[in-house]
Amino acid sequence: MAGTGVFADVLEGDVYKYYADGEWKKSSSGKSVAIINPMTRKTQYKVQACTQEEVNKVMESAKTAQKSWAKTPLWKRAELLHKAAAILKEHKAPIAECLVKEIAKPAKDAVTEVVRSGDLVSYTAEEGVRILGEGKFLVSDSFPGNQRTKYCLTSKIPLGVILAIPPFNYPVNLAVSKIAPALIAGNSLVLKPPTQGAVSALHMVHCFHLAGFPKGLISCVTGKGSEIGDFLTMHPGVNCISFTGGDTGIAISKKAGMIPLQMELGGKDACIVLEDADLDLVAANIIKGGFSYSGQRCTAVKVVLVMESVADLLVEKVKAKVGKLTVGAPEDDCDITPVVSESSANFIEGLVKDAKEKGATFCQEYKRDGNLIWPLLLDNVRPDMRIAWEEPFGPVLPVIRINSVEEGIHHCNASNFGLQGCVFTKDVNKAILISDAMETGTVQINSAPARGPDHFPFQGLKDSGIGSQGVTNSINMMTKIKTTVINLPTPSYTMG
């Protein structure tokens with residue numbers, strides 16, 4: 001159970017503590033932040049409302065701890081990460097319980113997220129040893145006009161203090177995707193979890209605590225974004241920010257100083273369906289891509305662009321599958337569970353009402369009960385409807401009928417987002433041509449968009465992000481190149 005057994009130190013009374021200096025602490029503010037269960041719409045958990053002064057202390061500890069951590073042998077860093085991964089997977093049940101209650105993630109998907117996170121930590125440890133264990137050796141006479149009088153040695157060194165801000169929908173997996181690369185590279189890590197998902201993240205951090213990482217190396221501060229959000233992202237002690245979320249990331253990028261930024265800020269992932277596509281495969285992937293976790297995924301299919309000649313048949317196939325989706329509580333492993341908050345549900349409803357007023361075809365009756373929105377397929381959506389461009393982050397999927405491939409590409413590229421997209425066709429030549437023309441970070445051929453496997457590069461164009469994620473890319477982003485040049489008094493030639 002959450003907050004009991006090995007996790008008992010994390011909870012005092014009915015408020016979860018924050019983590020700093022290797023200890024679980026209560027905030028001096030005496031205040032807490034409520035976490036609302038999306039299903040019951042009642043307070044499920046409470047977390048500490050940390051102060052700016054506490055953030056300052058965390059940053060100072062992180063800076064000190066990082067200096068000694070950078071001197072820790074690479075194999076030892078990897079050993080501790082492997083230990084944390086094992087503890088994380090061992091305690092998947094209580095962490096999954098938190099995911100179910102605070103973000104309404106279906107029970108089986110919650111367990112999968114924790115196990116996947118443990119695997120990600122272990123993979124990062126192994127990859128880090130390989131990447132960071134290698135350097136580069138250059139000689140000066142490879143450039144015109146130079147004798148062999150200089151030997152250049154390059155290596156990767158840590159940036160310092162990494163600020164990690166994961167989103168509500170994957171508060172464990174997208175946290176460890178930042179934590180593990182930061183730590184293996186020799187950095188310290190300050191985690192600011194989302195409010196919805198904070199308790200899951202705190203339990204995950206305790207697994208790292210149990211693994212025996214040095215005090216101050218990992219910190220987790222909770223609280224209101226209005227009080228510590230900007231204070232964290234603009235803090236002079238931060239050397240890099242890794243953020244996953246929405247529009248907040250754009251604001252952070254404008255306020256942050258001259259430090260590396262790794263950001264994934266959402267998408268409007270388009271699914272382009274050609275006449276020769278396997279429509280059964282397309283329908284299955286639209287259901288998986290558009291409605292899993294109630295569409296609350298950055299890489300969810302957000303708009304279907306289907307050739308008019310096969311649109312009727314595809315819509316019927318998808319409509320039939322939508323009718324089989326189960327709707328209800330996450331504890332019951334339903335396909336469609338409540339969206340994360342009432343404000344999210346209200347936003348989705350606004351998009352639906354706009355589409356209705358402008359004449360979209362409703363393939364199902366729109367139905368809502370609190371935060372629970374029944375899956376809805378909207379046909380005959382036009383570009384003048386908000387749902388054609390805005391990201392609902394819910395179980396509502398628009399279908400736009402197109403008359404040419406060029407029309408589909410144009411709609412995809414006209415979006416301010418450019419995270420992922422997908423193309424369904426049996427013609428590999430067309431698939432490659434369309435993929436190259438789509439202005440997105442990734443294009444999936446004959447499959448729905450997906451972030452994983454977690455070691456694949458993951459990046460967005462335009463408003464979808466800065467930089468690239470994935471294990472190798474994250475390790476490289478959280479380090480910088482250090483060069484040492486040996487100057488020789490006379491030219492030297494090996495076995496010359």
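Student: What volume does the largest pocket have?
Tutor: Keep in mind that this is a predicted model, so we're talking computed space here. For the largest pocket, that space comes to about 1,100 Å³.

Student: And which element gives the largest share of its lining?
Tutor: There are 37 lining residues, and F168, G245, G246, D247 and T248 lie nearest the centre of the pocket. The elements that give two or more residues are α7 (225-233), β12 (240-244), α8 (248-255) and α11 (342-357). The largest share, 5 residues, comes from α7.

Student: How many of the residues lining the largest pocket are charged?
Tutor: Sort the lining by class: you get 16 nonpolar and 16 polar residues. The charged ones number 5.

Student: Let's move on to the second largest pocket. Which element supplies the largest share of that lining?
Tutor: This pocket holds about 580 Å³, and of its 28 lining residues, R116, Y170, S292, R297 and T299 are the closest to the centre. At least two residues each come from α4 (107-132), α5 (173-184) and α9 (279-291). With 4 residues, the largest share belongs to α4.

Note on methods
Residues numbered from 1 in each chain as written. Predicted model: local features only at pLDDT ≥ 70, side-chain atom pairs only at ≥ 80, totals over all residues. Heavy atoms only, no water. 1 Å grid on protein atoms, 1.4 Å probe; cavity = no way out; pocket = protein on both sides within 12 Å on 5 of 7 lines; lining within 4 Å. Points joined across faces, edges and corners; volume = space filled by probe spheres on them. Nonpolar A, V, L, I, M, F, W, Y, C, P; charged D, E, K, R; others polar.
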